[in-house]
Amino acid sequence: QRADTPRIVTVAGMSRELNASNAEVIIGTVIEEANKGQIDLTGFDSFWTYIKQDIIAKLGAVDKDLSPIADNCEQVEAGYHCSTCVCSYRNTIVDGALVEASQI
């Protein structure tokens, strides 16, 4: 059921709305910090945990996007060899991941 009011949480020293697009990162940060015995999620360590969880989530999404074509590409010495249409799809996914990674 959808909440009537947005859920605002403070993680890594910033207030953020908890929603479907960032829940994995925020909850991952909370769990990792709790496992370290941290209660206060506003500190410097929590900031880096949040950044790490964000990277993990983004790379997981890229891995999921590449998964359907994994059997269609063969790893060679210089990288990967794929059919033309698979190669185009793969290159688009990789280029998008590089752009997104550079914005972190």
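**Charged pairs, a serine and the cysteines**

Me: Asp 54: buried or exposed?
Reply: Asp 54 counts as buried because its relative accessibility is 16%. Buried means under 20% relative accessible area, exposed means over 50%, and partly exposed lies in between (1.4 Å probe, protein chains only). Please note that this is a predicted model, in which local features need pLDDT of at least 70, side-chain atom pairs count only at pLDDT 80 or more, and totals for chains, interfaces and linings use all residues. Residues are numbered from 1 along each chain as its sequence is written, and side-chain values use heavy atoms, leaving out hydrogens and water.

Me: What does Asp 54 form with Lys 58?
Reply: The two form a salt bridge, with the closest N and O atoms 3.2 Å apart. A salt bridge is a side-chain nitrogen of Lys or Arg within 4 Å of a carboxyl oxygen of Asp or Glu. Both residues lie in helix H2, 4 residues apart, about one turn of the helix. Helices (H or I, at least four residues) and strands (E, at least two) are DSSP runs, numbered from the N terminus.

Me: How many salt bridges are there in the whole structure?
Reply: The search finds 3. One of them joins Lys 52 to Glu 32, with 2.6 Å between the closest N and O atoms. Lys 52 lies in helix H2 and Glu 32 in helix H1 (residues 23–35), so this pair ties together parts that are 20 residues apart in sequence. Another salt bridge links Lys 36 and Glu 33 at 2.7 Å, N to O.

Me: Which side chain makes a polar contact with that of Glu 33?
Reply: The side chain of Ser 46 does, at 3.2 Å. A polar contact is a pair of N or O atoms within 3.5 Å; within protein, one must be able to donate a hydrogen and the other to accept it, and residues adjacent in sequence count only if both atoms are side-chain atoms. Glu 33 is buried, at 0% relative accessibility, and Ser 46 is buried at 2%.

Me: New topic: which cysteines does a disulfide join?
Reply: Cys 73 is joined to Cys 82, S to S 2.2 Å. A disulfide is a pair of cysteine sulfur atoms within 2.5 Å. Both cysteines are buried.
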